[in-house]
Structures are given as C-alpha cells and as structure tokens.
Protein chains: 2
Amino acid sequence: MKYIGVDLGGTNIVVGVTDREGNVLKTYTRPTIATRKTEEIFDDIIDMCKTLIEEYNLDASSLKGIGMGIPGEVDSKKGVINYSNNIPMKDFNVLAYMQRLCKEVNFDIEFYFANDADCAALGELVAGAGKGCSNLVILTLGTGVGGGIIIDNKIYSGFYAGGAELGHQTVVHNGEPCTCGNKGCLEAYASATALIRDAKRAASQNPSSLLNTLTENNLDNMTAKVVFDAKDQNDSVAIKLVDDYIEYLAVGVANLINIFKPEVLLLSGGISLQGEKLTKPLEEKVITKVFGNKLLTKIDIATLGNDAGLIGAAMLSR
Amino acid sequence: MKYIGVDLGGTNIVVGVTDREGNVLKTYTRPTIATRKTEEIFDDIIDMCKTLIEEYNLDASSLKGIGMGIPGEVDSKKGVINYSNNIPMKDFNVLAYMQRLCKEVNFDIEFYFANDADCAALGELVAGAGKGCSNLVILTLGTGVGGGIIIDNKIYSGFYAGGAELGHQTVVHNGEPCTCGNKGCLEAYASATALIRDAKRAASQNPSSLLNTLTENNLDNMTAKVVFDAKDQNDSVAIKLVDDYIEYLAVGVANLINIFKPEVLLLSGGISLQGEKLTKPLEEKVITKVFGNKLLTKIDIATLGNDAGLIGAAMLSR
C-alpha cells in the first residue's frame, strides 16, 4: 500500500509517495508561485499526483489516499481552505477541485486535509522523533512559535477549524507585543524573532559584546545562531540572552506539559538545531516549573526537518 | 440500563444510581472519615453499591458498570489510586478490592475510575451545561483552580496518570507565589483564595472601602462573595479588584481556547455562582485576547454543582 502526501508551502509545492511507515520513496517539487490563481496551484498538484500514480502503477487497491498539508486554516472535514497567510486562498473547496484527478486516473481516491503544522506533528509521530509514541506535542521555534498536538495517534486541532495556537498562550501578562495583536504571548519570547529582537537591544547597550563583532557591527546581521555562537564563546551578554530565552521557553513548555501530560514534547524549527545545548538547560528549568516537579514527558528535538510536513500529510490516510 | 456512580470526597462518600442520560434516581451518603484505613472507606462503598444493586434488582444485564471519581491521582487503566491529597490513600488497588462486591452480588461488574475533577467535566457534558457537546473544557474557580478536558465525549487526562492541571499554567512570569511552589500560575490569580488575598490587601490600604464594612472590619471575614457584593454596590476598590480578577481569568481562558479550541468552556466552583456578572465581562476581555479576536467557543456556567462528579462517575461506563 502506498500513500501520497502534498506539502503546499509558500515557496514550493512538494508531492511525494511513501510507504506505510512514512518512508519517502520519491518526491516532485515545483515552485508554488503564490500569486497565481488557486486553481492553477492545484492544477500543478493534480499533475504531480498523477505522475506519481502512473509511475508507481497505483490504483484503488494500492493507493490508500492523498493527504495535504495546508498553510492556513482548513476545514478538514469539508475539505475547504478557509484562508491562508502565505498564499492568497480563501474559501476554496479543495475536495471538489481534486475530483478531476479521480476522473483522469479512473479510480476513486480518498482525500485528507490538515494544517501544515499539524501534519508536521503527525510526521514526527509516525517516522520521526516521536516514533512509537501515541501522544505528542510539538513546538516549532522559528519566525513565530507554532505547534501541533497528537492525541491517541490522531491530530487534535480543536472543535472548530484551524491549528492549535500553542505560541499564543500568554506567559507574561501585559508583556512584549506579539504579532497577533496580544501582549506577552509565548511567541513574543520564544520565537527566533524574539531572540533577535532582544539580542539587538542587548548588543546596542553592550558595545564590547561579541554580538557586535559576530554581526560585523551591523545589527541587521543578527540571527538566533549568532546569539548561540556568542554564548558558546562565553560572551556574558549572550549567555544572559540565551538563559532568558530558555527561561521563557521553559514556561511555555511546562504549561503545555501541565495541561496535556504528553508522552513526548518535541522542538522543531531553526532554534531546535541547537540540540542538547537547548534541551539540557531547558529540561533543568522545566522540572522546576512543572506540577509536582516530576518531568514524565520526554523533551526531544524533531528529526525530520522539512520532510515532516510531507510525511505527515501522506500519513493522514493511514 | 442503570449506571452507578461513586463520588469519593474528603468529607462525604456519595453513591448513586442514574439512567443513561445521567438523571440521578437515588443516592446514599456517608461520611468519609478520611482518617480511616482505606479498606474501611471502600467497605462502606461496597456496602452502599450493594444496597443500590439490590434495591433496583440490578444484574449483569441491567447494570452497565460502576464508575468512581477519586480525589487524587488515579491510574484509570490499572484501577490503582496512586495518591490522594484529601484522603491518606497510597498505591491502593481499588479494582482488586472491589471484586468482593462482584462475589457478594453474584455477577461480574465493570469498574471505571477517574480523577474527580475529570468526572465533573464529564457530568456537565452528559447532563449539564455541556449537554449536546462533544468537546469541553471546564475550569473550577474555588480554593484552587482545577479543571477537566473532554475530547470527543471522553475524558482527556494525558498520557500518564493524574488530572489536567489547568490552574497551573503560568500567566505572569515570576508573578504571585502559587501553592504548587511555582510563581504566576493562573491559580494564584483566578482562585477564590487569590481574590481574597488581593481584597485583604486592598481593604487594608483603603479604610473607607465597603470591603471593610461588609467584613465588619475583620479581614478574616473576607470572601469572594463579599468582593462581588461590594462591587455591585459600586465600591471603587471592589470594582478594580473584580476587574483585575476577570482580566487574569480571561488570560487563562484565552490560553485554553487558543490551545484547545473547545466547543464550550465552562466555569464552576464558588465564584461561578456570579453567573452573567462574571461571564459577560469575561467574554469581553477574552475576545480581545483570543487568536484572531474571534470567540467561537461558548463560555458558560456549569449547572450541576456538587452532582457533577457523581453523574460523571456514573457516566464513565456509558
């Protein structure tokens, strides 16, 4: 049995075929060209799916289904994209549009839809760092802070449409302004953007900090990696920045553990590339914050990187 | 078909029989006498169950099961009480102990166990303010802040044992000390205890406030109701206290809505008796905090009061 996954991103469309364990057998990639009409984007997707179906001689008995990860709010039951932030799609009925593929390949296909962050969570559960687990929470530490929740091997995305907004839990009442319009969200402290904001402030106030040297005295060059690199070189300003960053991240992680008691909590996104330099101090802080001071949830780094979304999308039909 | 529920509380044991809709047909109550040996407490429970079974002529074909709400951490799969805060029970195998009842009534009985707060959530879903819903979050505003989560008509209590600690999400980093040892938990702001703490401080600082009159100038008489009563009489100090209280409660509620997107979020416990005086201003604040500023979750007051736990326990076997 084979599984097709579609990872629709703001930059690229990736369509791939996997086996039941989520091993990717082959992928095709085309640029999304997000400014196009939505129909044209899905014409490309239909075309790529058709190529894989023909290449692998798939039919109703050998293709379990096609799953799609959508960057935005998707009504997974109806197969309707309510809206997307990166691609100007609105109230688009994907399920109806994809029926053309069934006609062209001459068999019925089951289609599945989910938010792309939710797909990434499912991908990690089936084939990544959450393999063998049934309950998982993932936090993506990137430009923003996103996340996904898996309960009993299934995506939990709430009663109404949209992904779990794990980055938009208030951790500091009336704190730093967040992109969502609220103040003090986890995202305003634990995103790479937040770390860069704080690092720029600190570098300005501390001219002798390595942060200035490493950015060639141009704060526009500041990245999260620069801050961690300066910390690794024992720059005291960077040490404080990273410690504060991990402190707030620990608050958000402890909140999620207190609420969900998940089997495993994974970190993904750019900052997670720090690996144990991130998870070790994080665990030390989380254990002081979690209810009863017992850490029964495993904290780990996601392993699938950019493939997580594609694999999770394919596994929607599993 | 009948359902027996056991609500084991720190003060009383209530055992009752319900129909499939959670309507309570009859209950028996005995004092818990929490200082007794755990076995003696469960001897009473066996006795009360037996009385109901005989009274209603129940047998394997007419009794669906017996469900128990336990005040503490219970391993519901194994039927073992890990520990309880109010009753000195530890690593007690209830499932094994209850087998004596099966022998005495001469038929096999299915037993179910859950945390008492989780039972209350299930009770409200089946027969209370959440009737007709499938996804629900409940926050209990009492001495502490507790809670329960229902997903797809079932209690969600996490991957490992214990209830959902919804009151122990940090909303103010390094804020007020909490009973759990952490700082800035929702419980430290949205419990009746927190409101009383703040009211005592404010009353001391404002001798002319009605708070002093209503407590007969003895701050030991301060209750949450006194604060709401003073607010209703336009006392400016109390108005500010209630507004601040609802502000923090709104942060916790918005966090839970952003994370769970539940169909309904219920408030229970003493402070919830304020009804719309609580929910109206709460909704106004929550809508400014929730992601996208769209409030798609219904916020309401739990309706079953003390019966919620018993009904939910009975409904564990539904």
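Housekeeping comes before the structure. Residues count from 1 along each chain as its sequence is written, and chains are lettered from A, with ligands numbered from 1, in the order in which they are written. Because the model is predicted, local features need pLDDT of at least 70 and side-chain atom pairs count only at pLDDT 80 or more, while totals for chains, interfaces and linings use all residues.

Let's start with how the chains relate. In general, two copies of a chain are related by a rotation about an axis and a shift along it. Here, chain B superposes on chain A by a rotation of 180° with 0.0 Å of shift along the axis, at RMSD 0.0 Å. That is a two-fold axis.

Now the interface. Contact means that C-beta atoms, placed from the backbone, lie within 7 Å. On that basis, 31 residues of chain B touch 31 residues of chain A. Which helix of chain B gives the largest share of its side? Helix α8(B), residues 236-260, with seven residues. Helices here are DSSP runs of H or I with at least four residues, strands are runs of E with at least two, and both are numbered from the N terminus. By class, chain B's side has 17 nonpolar, 10 polar and four charged residues. Nonpolar means Ala, Val, Leu, Ile, Met, Phe, Trp, Tyr, Cys and Pro; charged means Asp, Glu, Lys and Arg; the others, Gly among them, are polar. And 100% of chain B's interface residues are also interface residues in chain A, so the copies meet through the same surface.

One residue to look at is Tyr160(A). Tyr160(A) sits in the loop between β11 (154-155) and α5 (187-190) of chain A. Beyond its neighbours within four places in sequence, Tyr160(A) contacts Lys261(B) and Leu296(B). The cut-offs are 20 or more for buried, 12 or fewer for exposed, and partly exposed in between, using C-beta atoms placed from the backbone.

Next, a sheet in chain B. Five strands form an open, mixed sheet in the order β3-β2-β1-β4-β8. Strands pair if DSSP finds at least two bridges between them. The edges are β3 (24-31) and β8 (111-115) of chain B. Twist averages 15° from one strand to the next. Strands β1(B) and β2(B) run antiparallel over six bridges, and Ile4(B) faces Val17(B) in β2(B).

What packs here? Helix α10(B), residues 307-315, has nine of nine residues buried, so it is largely enclosed by the rest of the structure. Its buried residues pack against β1, β2, β3, β4 and α3 (116-127) of chain B.

Last stop: strand β9(A), residues 136-141. Six of six residues are buried, so β9(A) is largely enclosed by the rest of the structure. Leu136(A), Ile138(A) and Thr140(A) cover one side; Val137(A), Leu139(A) and Leu141(A) take the other. β9(A) pairs antiparallel with β10(A) over six bridges, in a hairpin with three residues between the strands. β9(A) also pairs parallel with β12(A), residues 264-268, over five bridges. There, Leu139(A) partners Leu267(A).

Key:
Two residues are in contact if their C-beta atoms, placed from the backbone, lie within 7 Å. Axes are lines fitted to C-alpha atoms, for helices over the stretch in contact, and angles run from 0 to 180 degrees between N-to-C directions. A residue is buried if 20 or more other C-beta atoms lie within 10 Å of its own, exposed if 12 or fewer, and partly exposed in between; C-beta atoms are placed from the backbone. Copies are superposed by least squares on the C-alpha atoms of residues with pLDDT of at least 70 in both.
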